[in-house]
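Let's take a tour of this protein chain, one feature at a time. Keep the 3D view open and click along as you read.

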Amino acid sequence: MAEKEFPTQARVVIVGGGVMGAGLAYHLAHEGWGPEVVLLEKAELTSGSTWHAAGQITHSTSSFGLGKCVDYNIGLYSGKLEEETGQAVTWHGCGSFRLAYTEDEMDWLRHTLSVGRSLGFNIELVGPEKVAELHPFYNLEGVLGALHTPDDGHVDPTNVTMALAAGARQLGVRIFRRCRATNITQGPGGEWIVETEKGTIACEHVVNAGGTYARQMGEWSGLQLPMTSMTHHYFVTEPVPEFEGLDMELPVIRDDKKVSGYIRMEQKRGLIGIYEKEGSNSVWHDHCPWDYENWLFDADYDRVMPWLQESLNRMPIFADLGIQREVHGAISHPPDGNPLIGPAAGVKNYWCCCGTQIGIGWGPGLTRELARWIVHGAAGISMREYDPRRFGSYATKDWQVTKAHEDYKLRHEIPFPHFNRLAGRPVKPSPLYDRLKEKGAVYEEVYGHERPRWFARNGVEQRDHYSFKRNVVHGIVGAEVKAVREGAGIMDISAFTKVEVSGPGATALLDRLTANRLPRKAGGIALTHMLNRHGRIELETTVVKLAEDSYYLVCAAFFEQRLLDHLNQNRAGEEVAIKTLSTDWAALALNGPKSRTVLAACTNADLSNAGFKWLTAQQIEVAGHRLWAFRMSYAGELGWELHIPRGNALAVYDALWAAGGAHGIADYGSFAMNAMRMEKGFKGAGELTNEVTLAEADVLRFARTDKDYLGKDKTLNADALRWVCAYLEIEPDGVTDGHGGEAVLLEGKVVGSTASVAYGHTAGKILAFAYVKPHANVPGTSIEVVIAGSPRRGRILGAPAYDPEGLLPRADAALAPAE
């Protein structure tokens with residue numbers, strides 16, 4: 001069908017013709033769907049946020065998944081795309097430097113270097129003299145070092161988008177310009193109806209690539225897509241005389257501390273981009289006007305002047321020049337800064353390809369993954385950071401605006417490990433929030449819930465202490481681990497997702513979606529995984545059988561909407577009720593060798609092994625309150641999880657705390673919990689991602705061969721493993737323990753990268769999970785892990801570093817006498 005013939009049906013309709021929409025069209029076409037794809041643009045391609053982008057792209061990223069994307073993008077821009085399409089993209093491969101003025105910034109660069117090594121990047125940490133050699137005009141006063149990424153560059157945003165569109169057209173995609181979509185609704189058969197100024201199209205899949213219009217487009221379909229348009233400045237100077245005689249283009253400078261932005265050449269002019277720390281501006285809280293096309297705002301010099309003045313100090317050759325061009329445009333900012341790439345919550349086949357603040361730098365790689373997700377049911381990288389379902393209904397418009405301002409101001413700050421974004425909190429505090437805060441709890445937010453990280457004690461300030469190195473929190477976490485290992489510890493785990501699935505069809509539905517056998521008897525507990533149709537891991541969940549045809553599912557907080565969607569969208573006529581209990585019920589973890597004694601003081605239930613077996617559940621009374629007790633332990637000790645109606649949680653906690661006083665009971669948080677699960681070799685969300693099958697994650701022991709379930713053929717009958725999850729110990733140096741994404745070396749060659757890293761306080765070693773090439777995963781094998789830019793000795797383990805036989809959780813010691 002010719003482009004001028006407006007279709008009435010398509011397999012995929014993409015709404016939005018910027019770099020994200022064009023990138024998705026291009027990659028869907030490369031996955032074989034080209035003739036079945038239609039792209040709609042209300043004006044001209046790139047006329048929203050794309051056209052005014054500065055167009056830089058760098059390998060300087062500490063995100064392993066995003067690193068894969070930017071590396072692909074640079075390869076695409078630097079040759080492949082132009083060769084394929086014949087459309088110029090105007091690639092400037094000038095390289096770049098990211099400068100460091102403080103030791104914290106140097107530590108950030110060292111960690112980025114470690115991640116870059118695992119990805120095979122051309123990347124090095126250099127001194128100021130190297131920067132001066134390649135960029136003689138920059139004032140390097142106070143600079144300690146820089147990360148040099150020589151394969152970086154910048155590109156013309158319009159040319160890139162036009163080239164992606166040309167490549168899509170060559171493979172059959174139909175693109176309609178000057179065709180505004182006016183509504184998107186879902187038909188009775190599940191198909192999507194896209195109404196436009198030129199007609200109506202019915203489609204199986206619809207994609208929101210609306211850029212600054214994406215949020216209001218989502219509202220057409222009853223969806224809440226959290227993002228806010230923030231305005232960003234860059235300035236182009238008059239021609240720079242010193243640039244006239246250059247026979248090379250100067251590298252891009254990213255100066256996070258002094259400029260809070262970037263400086264580069266723009267032909268023979270200078271370009272200065274600024275992310276101001278105060279007075280950031282959000283616009284269009286309700287709706288971006290539909291008639292806006294190639295729109296810019298007047299420059300606001302008052303907002304950016306301190307950083308603009310410093311940029312002239314850093315580039316003195318700009319100081320006497322005028323500003324020839326002011327670019328002040330709108331860019332989408334989700335609450336956490338990461339794009340919305342993936343399925344919208346609660347509906348099927350509505351895909352988000354929006355909320356991208358760095359479309360040129362991130363877009364093509366992310367749209368390639370989205371195309372794979374749409375076509376094959378799974379992306380090739382972990383999409384947890386980008387999945388739109390990582391936010392829930394708590395993400396109101398006012399909250400979105402608050403978080404977008406926070407994100408904008410953090411754009412050029414050090415991304416410390418476990419950085420805690422505090423604006424707009426608390427959203428969903430547990431019933432223990434105030435009590436634990438009074439006791440020193442330092443909280444983190446997970447899916448809107450507040451969860452304790454660690455507890456400030458002994459005069460340590462009750463706030464986050466950030467560093468890439470060990471700091472005062474290290475010893476506090478060690479003390480929390482010791483308290484659990486030697487006595488009893490209690491943790492507020494109310495943030496876990498809690499979902500009840502009941503009804504005559506509950507067993508059939510769950511059996512079809514879980515790889516492990518469901519519990520057969522009421523009170524049984526099973527750990528299992530749900531897979532997508534590509535056989536990769538959708539999520540891990542604990543399933544508790546409460547009664548006949550009634551199950552209670554518990555999983556990580558950020559999987560709540562993913563779990564609900566997976567259950568609802570894979571029904572096959574079963575009669576089931578699916579009820580979310582995540583905020584209605586609270587939960588406590590009680591762990592440690594004295595946990596039985598503590599719990600026994602508050603209940604008449606028989607807690608012995610004979611009366612309460614390992615991996616079983618019972619309804620019991622604790623301090624006079626009825627609750628569900630699950631005998632299981634993520635800490636790897638004797639212990640229980642207590643799931644409690646919200647209104648009774650504080651009373652139960654107080655009773656346990658009073659009973660535990662004589663036994664040294666201590667509060668502990670997620671940092672200690674993570675250290676203990678690493679000592680036990682328990683895999684978590686960092687290892688169990690949509691990238692891997694059960695075999696690759698080394699969790700096949702939780703899969704059955706005598707039942708059918710979604711993804712079984714792909715996960716059990718996969719070809720040779722691409723990688724496998726290995727368990728490592730790494731020699732500590734007492735300073736830096738690693739943070740994930742670091743390169744793993746075997747005989748000097750990169751064979752994989754770490755997924756999770758933590759210091760095992762009981763084991764006295766750094767412990768890690770890493771995805772490595774299968775031949776490297778041999779217990780006892782000596783390896784090296786690049787931590788903070790330097791290789792560290794390590795070894796592949798064949799058993800947990802702590803309690804390798806798993807005896808402690810099943811402990812059958814008699815109840816200790818009262819003290």
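This is a predicted model: local features need pLDDT of at least 70, side-chain atom pairs count only at pLDDT 80 or more; totals for chains, interfaces and linings use all residues.

The largest nonpolar core in it has 50 residues. Several elements give two or more residues to the core: strands S1 (9-15), S2 (37-40) and S19 (350-354), together with helices H1 (19-33), H2 (64-85), H5 (157-170) and H8. Which of them gives the largest share? That would be H1, with 9 residues.

Zoom in on Leu 164 for a moment. Leaving aside residues up to four places away in sequence, Leu 164 touches Val 19, Ala 22, Gly 23, Tyr 26, Leu 76 and Leu 81. There's also another core, which lies apart from the largest one and has 39 residues. Phe 6, Val 13, Met 217 and Trp 399 are among the members of that other core.

Now have a look at H2 and H5. Their axes come within 9 Å and cross at roughly 40°. Angles under 35 degrees would count as roughly parallel and 65 to 115 as roughly perpendicular, so H2 and H5 are oblique to each other. Their crossing is left-handed.

Which residues meet here? On the H2 side you'll find Leu 76, Tyr 77, Leu 81, Glu 84 and Thr 85. On the H5 side they meet Val 160, Ala 163, Leu 164, Ala 166, Gly 167 and Gln 170.

## Salt bridges

Side chains of opposite charge can pair when their charged atoms come close. How many salt bridges does the structure hold? The count is 49. One of them joins the side chains of Lys 469 and Asp 107, at 2.5 Å from N to O. Lys 469 sits in the loop between strand S21 (449-455) and helix H11 (472-486), while Asp 107 belongs to helix H3 (residues 103-119), so this pair ties together parts that are 362 residues apart in sequence. Lys 469 is partly exposed, at 29% relative accessible area, whereas Asp 107 is buried, at 7%.

Another salt bridge pairs Arg 390 with Asp 336, at 2.8 Å from N to O. This one also links distant parts of the chain, 54 residues apart: Arg 390 is in the loop between helix H8 (359-376) and helix H9 (397-410), and Asp 336 is in the loop between strand S17 (323-333) and strand S18 (340-343). Arg 390 is buried, with a relative accessible area of 10%, but Asp 336 is partly exposed, at 24%. Then there's the salt bridge of Arg 389 and Asp 387, at 2.9 Å from N to O, where both residues are buried. Finally, Glu 44, Arg 177, Arg 178 and Glu 293 form one network, joined by salt bridges that share partners.

Most residues other than glycine have a negative phi, and most peptide bonds are trans. Against that background, check the bond between Arg 425 and Pro 426: it's a cis peptide bond, with omega about -5°. Pro 426 is in the loop between H9 and helix H10 (433-438).

Asn 294 has a positive phi of about 50°. You'll find Asn 294 in the loop between strand S16 (282-283) and helix H7 (301-314), partly exposed at 35% relative accessibility. Ala 788 has a positive phi too, near 55°. Ala 788 is in the loop between strand S37 (782-787) and strand S38 (790-796), and it's partly exposed, with a relative accessible area of 27%.

## A covered helix

Is helix H13 (residues 560-569) mostly covered or mostly uncovered? Mostly covered: 8 of its 10 residues are buried. These are Glu 560, Gln 561, Arg 562, Leu 563, Leu 564, Asp 565, His 566 and Leu 567.

What do the buried residues of H13 pack against? One partner is a helix, H12 (506-513). The strands they pack against are S23 (497-502), S24 (525-531), S25 (537-547), S26 (550-555) and S27 (577-580).

Technical notes. Residues are numbered from 1 along each chain as its sequence is written. Side-chain values use heavy atoms; hydrogens and water are left out. A salt bridge is a side-chain nitrogen of Lys or Arg within 4 Å of a carboxyl oxygen of Asp or Glu. Helices (H or I, at least four residues) and strands (E, at least two) are DSSP runs, numbered from the N terminus. Buried means under 20% relative accessible area, exposed over 50%, partly exposed in between (1.4 Å probe, protein chains only). A nonpolar core is a set of buried Ala, Val, Leu, Ile, Met, Phe, Trp, Tyr and Cys residues joined through side-chain atoms within 4.5 Å. Contact means heavy atoms within 4.5 Å. Axes are lines fitted to C-alpha atoms, for helices over the stretch in contact, and angles run from 0 to 180 degrees between N-to-C directions. Angles under 35 degrees count as roughly parallel, over 145 as roughly antiparallel, 65 to 115 as roughly perpendicular and the rest as oblique. A crossing is left-handed if the near helix is turned anticlockwise from the far one by less than a right angle, and right-handed if clockwise.
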